[in-house]
Amino acid sequence: MAERMKGYNILVDPEKCASCLVCQMRCSLLYFGEFNPSKAFIEVQWPDQGVPNAVRFTEGCNYCGVCARNCAYGALTITGRRKVS
Ligand code: SF4
Ligand code: SF4
């Protein structure tokens with residue numbers, strides 16, 4: 001099957017994450033029409049007791065890149081188009 005391009009590759013640098021939750025707000029607003037971090041397709045784990053931030057995409061994320069475009073801290077970077085078979 002020919003290669004198709006769908007969404008974007010998004011590089012995550014958890015060390016730059018400020019836990020501002022803007023990525024979750026933008027995702028949930030776009031797909032659910034509300035500011036609700038728990039509905040976002042990206043999870044941000046707050047640093048706790050020496051455990052650093054963790055940022056990951058959940059099932060359902062279509063890699064549209066909206067979260068990355070709104071991350072002001074450089075924790076999410078679009079590096080190119082995503083190839084799917
Ligand atoms: S990944 Fe970016 S937008 Fe999301 S919480 Fe971290 S700093 Fe904020
Ligand atoms: S890439 Fe799009 S769908 Fe995935 S978490 Fe970011 S805003 Fe949500």
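This is a predicted model: local features need pLDDT of at least 70, side-chain atom pairs count only at pLDDT 80 or more; totals for chains, interfaces and linings use all residues.

Reader: Which pattern does the protein follow, read along the sequence?

Author: Read in that direction, the protein follows β-α-β-β-α-β, and its secondary structure comes to two helices and four strands.

Reader: Which residues of helix α1 are buried?

Author: A residue counts as buried if 20 or more other C-beta atoms lie within 10 Å of its own. In α1, which covers residues 22–32, the buried ones are C23, Q24, C27 and S28.

Reader: Why do these buried residues line one face of the helix?

Author: The general idea is that an α-helix has 3.6 residues a turn, so residues three or four places apart point the same way. Seen down the axis of α1, the buried residues fall within an arc of 120 degrees, and therefore they line one face.

Reader: What covers the buried residues of α1?

Author: The cover includes β2 (42–45), α2 (66–69) and β4 (76–84).

Reader: Which residues come nearest to ligand 1?

Author: Of the 13 residues around ligand 1, C17, C20, C23, C71 and A75 come nearest, and the shell divides into twelve nonpolar, one polar and no charged. Ligand 2 is surrounded by residues including C27, F41, Y63 and C67, with ten nonpolar, two polar and no charged in its shell.

How values were computed
Residues are numbered from 1 along each chain as its sequence is written. Chains are lettered from A and ligands numbered from 1 in the order in which they are written. A residue is buried if 20 or more other C-beta atoms lie within 10 Å of its own, exposed if 12 or fewer, and partly exposed in between; C-beta atoms are placed from the backbone. The arc is that of the directions from the helix axis to the C-beta atoms. Two residues are in contact if their C-beta atoms, placed from the backbone, lie within 7 Å. A residue is near a molecule or strand if its C-beta atom, placed from the backbone, lies within 6 Å of it. Ala, Val, Leu, Ile, Met, Phe, Trp, Tyr, Cys and Pro count as nonpolar, Asp, Glu, Lys and Arg as charged, and the others, Gly among them, as polar.
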